[in-house]
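Let's take a friendly walk through a few local features of this protein. Please have the sequence and the model open as you read.

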Amino acid sequence: MNRPNIAALSPDQLLKPIEFRGIFRLPAISYLQIALNHSIHHRGQLSMYLRPMGAKVPSIYGESFDAREARERAQAKSG
C-alpha cells in the first residue's frame, strides 16, 4: 500500500480491529506504525553495519546522508 492509498483511508478503516494470526488484535493504524518502526529499525541496523566498514549507506528507504552528500557535491561541480 502506498502513501496516497493510506491517505485515502477513512478513520473507521484505520480504527478497524484486525487479528494477527490469532496472537493479537489491533486497529489497522497500529500495523502501519509497526511497519514504519520496523523499516526505521532496519535502516539504522544497516547503517551500523556499513559505516564502520567504510561503506556508504544506500538510499533504500529514502535518500541517505551519503547519497545527499554525493548529490550536493555533484550539484556544486555543475553549478
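Predicted model: local features only at pLDDT ≥ 70, side-chain atom pairs only at ≥ 80, totals over all residues.

Residues are numbered from 1 along each chain as its sequence is written, and side-chain values use heavy atoms, with hydrogens and water left out.

Let's begin with the hairpin. Strand 1 (residues 17-20) and strand 2 (residues 24-27) run antiparallel and are joined by 4 bridges; pairing requires at least two bridges found by DSSP. Strands are DSSP runs of E with at least two residues, helices are runs of H or I with at least four, and both are numbered from the N terminus. Proline 17 sits opposite proline 27 of strand 2. There are 3 residues between the strands, and arginine 21 in this hairpin has a positive phi near 50°.

| Residue | Relative accessibility | Class |
|---|---|---|
| Isoleucine 34 | 43% | partly exposed |
| Glycine 62 | 33% | partly exposed |
| Aspartate 66 | 8% | buried |

Isoleucine 34 belongs to helix 3 (residues 28-50). Glycine 62 is found in the loop between helix 3 and helix 4, and its C-alpha is 9.9 Å from that of arginine 43, 19 residues away in sequence. Aspartate 66 is part of helix 4 (residues 65-78). Beyond its neighbours within four places in sequence, aspartate 66 is in contact (heavy atoms within 4.5 Å) with Arg51, Ala55, Lys56 and Val57.

Note on methods
Buried < 20%, exposed > 50% of the residue type's maximum accessible area, 1.4 Å probe, protein only.
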